[in-house]
Structures are given as structure tokens and as C-alpha cells.
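Please look through the sequence and the model shown here before reading on. The paragraphs that follow go from the backbone to the helix contacts and then to the ligand.

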Amino acid sequence: MSDTLTLRRPDDWHLHLRDGAMLAGVLPETARHFARAIIMPNLVPPVVRGSDAAAYRERILAALPDDMSFEPLMTLYLTEDTDPDDVAASHASGLIKAIKLYPAGATTNSASGVRNFDHVRPVLERMADIGLPLCVHGEVTDSDIDIFDREAVFIDRILDPIRRKTPGLRVVMEHITTQEGVAYAGSGGDDLGATITTHHLVINRNDILVGGIKPHYYCLPVAKREEHRLALRAAATSGDPTYFLGTDSAPHVDALKEHACGCAGCFTATNTMSILAEVFEQDGALDKLERFASLHGPRFYGLPVNDETMVLTKGDPVVYPEKLDTGDGPVTVFDPKMPLHWRVS
Ligand code: NCD
Ligand code: ZN
């Protein structure tokens with residue numbers, strides 16, 4: 001077995017960069033490895049209009065170190081007041097690559113999200129007309145639905161009806177965490193894709209809860225049972241173009257993670273490629289890593305693959321910092337609880 005792996009430079013199809021000092025702190029961690037990323041719009045206040053996305057894009061580019069190349073692919077945050085004309089104009093100019101749907105209350109900074117899905121029909125119909133993808137945080141928020149069931153219920157009650165009512169709407173099921181998510185995405189044809197995070201390939205719910213509560217493994221959608229983790233591994237390593245990498249790297253300072261009401265999010269930007277190489281090697285699928293991290297995402301989004309390459313070499317365990325210091329405070333880097341042998345050269 002060779003100890004060098006060359007792939008097209010990867011992209012991250014779901015990333016939280018935040019703003020201000022946090023943006024400056026975390027951006028190099030992604031830009032060091034990834035050529036492009038779909039940038040989540042859940043700032044406070046959210047990125048709602050094209051003008052917000054243009055301004056945020058400028059702040060990201062201003063925070064990028066001079067010796068790094070990185071292209072932020074902007075998104076808008078769907079609200080019940082989103083203007084279909086603004087969406088269409090932002091898409092036509094090339095500024096935005098997707099719209100993000102958060103059910104109100106589902107996750108970090110989702111209060112401005114959608115409560116009544118009928119209220120966003122005009123936007124969804126326009127998106128289907130112009131071929132602009134909808135990135136979906138697929139969890140219901142009903143208090144009577146168990147948190148571990150919220151993804152599967154969302155597919156039945158919300159996502160499938162929306163897709164049936166809106167032929168041609170291109171949808172990315174973001175950060176799927178269940179067998180049901182894998183199966184539904186796999187049955188949807190070319191208009192349906194799904195991102196899978198790095199951490200959901202590695203942890204199950206025991207990692208969060210057994211032997212003391214581990215706030216740095218808490219994210220949304222929350223990690224599920226082992227059988228679901230294995231389904232995600234099988235999907236990611238299958239070579240099926242439905243599934244592609246969206247790290248959902250979501251930095252929160254330690255003070256807000258290690259808290260009585262800790263924030264949701266795992267920060268994986270620093271070591272994602274080493275973790276993925278380890279995971280794909282364990283599953284005998286190193287030859288499929290390039291498809292998952294570098295080829296399937298551009299295919300779904302109709303973008304060219306990157307010209308540059310990334311070389312990973314296998315050797316002694318990779319050393320990476322336990323925490324990243326940002327101007328806002330330390331952020332804990334995701335601990336995969338296994339040695340990582342593949343380093344990005
Ligand atoms: C994300 C965040 O912190 O913005 N958190 C998370 O646990 N993934 C929001 C999200 O993608 O749900
Ligand atoms: Zn996210």
C-alpha cells in the first residue's frame with residue numbers, strides 16, 4: 001500500500017466562519033486545505049439579502065492571509081420575508097450559490113428561520129425555476145418529537161412534501177446523521193444531494209454521554225446510535241455521487257461550549273483531511289476519498305473541480321494543536337480519539 005495519496009484540492013460544502021476576530025482566527029484553518037467552501041449565513045444578524053452576502057464576502061476576503069487562496073461561496077439565510085427578486089438577482093450575478101433553510105429554533109442562530117413553510121413557497125418556486133440549490137437543516141423543532149428522531153420526522157413531514165410540491169427544486173440535505181437520511185438522499189435522483197460531516201463519521205451518541213458529558217462532541221444534528229454512524233460511513237465511502245463533504249466545522253469559544261447551556265458545534269477545520277484519510281483507509285476506501293471531498297460537491301453545484309492537487313503522506317501520528325487561539329478566546333479542536341497518520345504536505 002502506497003503511503004502517498006494525491007487528490008484534487010478538496011472543497012468544504014458546509015462551513016461556519018463567523019465574523020470579526022473569530023473569522024480571522026478560523027479562516028486560515030480552512031483555507032490552508034480547502035479551495036472553496038459554502039459559507040453558512042447564520043450570523044447575528046443573519047445574512048438575508050444579497051447586499052448582506054456581498055458585504056460578508058468582502059469581510060472574509062479581507063481576513064484571508066495574503067499567502068492563501070480561498071473562494072467563499074456565499075449563501076443567503078431564508079426567512080419568511082425573503083424577497084424572491086433579491087434571491088434571483090444575487091444568483092444571476094454569481095454572488096450566491098445556495099439558500100439555507102433553517103427551521104426556526106432548530107440550531108445556533110436560527111430564530112429568524114422558517115416557521116410556516118407555506119410562507120416561503122414563492123422563493124422555493126423561483127429557486128426551482130433558476131436552478132438555485134436549497135441547503136436544508138433537516139430537523140423538526142416540535143417539542144413532542146424526541147431530539148434523536150427529529151431528522152427522520154423532518155424528512156417525512158417537511159422535506160418530502162416540499163420536494164413533491166416543487167418539481168425541479170435542487171436540495172442538499174445538510175449534515176445527515178441517520179440511516180433514514182442516507183436512504184432518502186440516495187433515492188432522490190440528481191436533484192438531491194447530501195453532505196456528511198467529518199465528526200459524524202467518527203462519533204456516536206455514546207461519545208457525548210458515556211463517562212461524563214463531553215460538550216465538545218455536542219453538535220446539531222446530534223450524533224445518533226452506532227448503526228447510524230456506520231450507515232454514514234458506508235455512504236461516504238461508497239463512491240455514490242449523492243454524498244459529499246460538508247464539515248459543518250462550527251467554532252464556539254470554550255467558555256460557551258463548557259457551559260451549563262453549551263453551544264452546539266464541533267470545530268474540525270484543523271484536522272478534517274487527516275481524519276477523513278484515516279476513516280477512508282480503515283474502511284478500505286482511500287481510493288474514494290477524492291470523490292467525497294473533491295469531486296461530488298462540484299458535480300452537484302455545477303462548478304468546475306479544482307485544478308490544484310493536495311498530497312497526503314502517511315507516517316508518524318500527526319501533531320495538531322488541542323486548541324486554536326482566536327481573538328475571541330480558545331476554540332477546542334475536534335478530538336477523533338485515534339491517532340491520525342495522514343498529513344497534508
Ligand atoms: C452550527 C453552528 O454553531 O452555527 N452548529 C452545529 O452544531 N452544527 C449550526 C448548524 O449547522 O446546525
Ligand atoms: Zn452547520
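**Backbone, helix packing and ligand contacts**

His-175 is found in the loop between strand S7, residues 171-173, and helix H6, residues 179-186. The model is a predicted one, and in it His-175 has a positive phi of about 35° although His-175 is not a glycine. Most residues other than glycine have a negative phi, and most peptide bonds are trans. Against that background, two further places in the backbone deserve a look, both of them at a proline.

A cis peptide bond joins Val-44 and Pro-45, with an omega of about -5°, and Pro-45 has its place in the loop between strand S3, residues 36-39, and helix H2. The peptide bond that leads from Leu-220 to Pro-221 is also cis, here with omega near -10°, and Pro-221 is found in the loop between helix H7, residues 205-209, and helix H8, residues 226-236.

Helix H6 packs with helix H8 at an angle of about 30°, and the two axes are 8 Å apart. Because angles under 35 degrees count as roughly parallel, H6 is described as roughly parallel to H8. On the H6 side the contact involves Gln-179, Glu-180 and Val-182, which meet Glu-227, His-228, Ala-231, Leu-232 and Ala-235 in H8. By class, the residues of this contact between H6 and H8 divide into 4 nonpolar, 2 polar and 2 charged.

Helix H3, residues 84-92, and helix H4, residues 121-130, pack at an angle of about 25° with their axes 9 Å apart, and H3 and H4 are therefore roughly parallel to each other. The crossing in which H3 passes H4 is right-handed. In H3, the residues Pro-84, Asp-85, Val-87, Ala-88 and His-91 meet Pro-122, Val-123, Arg-126, Met-127 and Ile-130 in H4, and the residues of this contact divide into 7 nonpolar, 1 polar and 2 charged.

The pair formed by helix H1, residues 20-31, and helix H2, residues 50-63, has axes that come within 9 Å and cross at roughly 65°. H1 likewise passes H2 in a right-handed crossing. Leu-23, Ala-24 and Leu-27 of H1 make the contact together with Arg-59, Ile-60 and Ala-63 of H2, and by class this contact of H1 with H2 has 5 nonpolar residues, no polar ones and 1 charged residue.

Which residues are the closest to ligand 1? Ligand 1 is surrounded by 15 residues, of which the closest are Asn-42, Thr-107, Leu-220, Asp-248 and His-252.

Several contacts with ligand 1 can be followed atom by atom. A polar side-chain atom of His-16 lies 3.1 Å from an oxygen atom of ligand 1, and a polar side-chain atom of His-137 lies 3.3 Å from an oxygen atom of ligand 1. With Ala-264 the contact comes from the backbone, where an N or O atom lies 3.1 Å from a nitrogen atom of ligand 1.

Definitions and conventions
Residues numbered from 1 in each chain as written. Chains lettered and ligands numbered in written order. Predicted model: local features only at pLDDT ≥ 70, side-chain atom pairs only at ≥ 80, totals over all residues. Heavy atoms only, no water. Axes fitted to C-alpha atoms, helices over the stretch in contact; angles between N-to-C directions. Helix = DSSP H or I, 4+ residues; strand = E, 2+ residues; numbered from the N terminus. Parallel < 35°, antiparallel > 145°, perpendicular 65-115°, else oblique. Left-handed = near helix turned anticlockwise from the far one by under 90°. Contact = heavy atoms within 4.5 Å. Nonpolar A, V, L, I, M, F, W, Y, C, P; charged D, E, K, R; others polar. Near = heavy atom within 4 Å. Polar contact = N/O pair within 3.5 Å; in protein donor to acceptor, adjacent residues only side chain to side chain.
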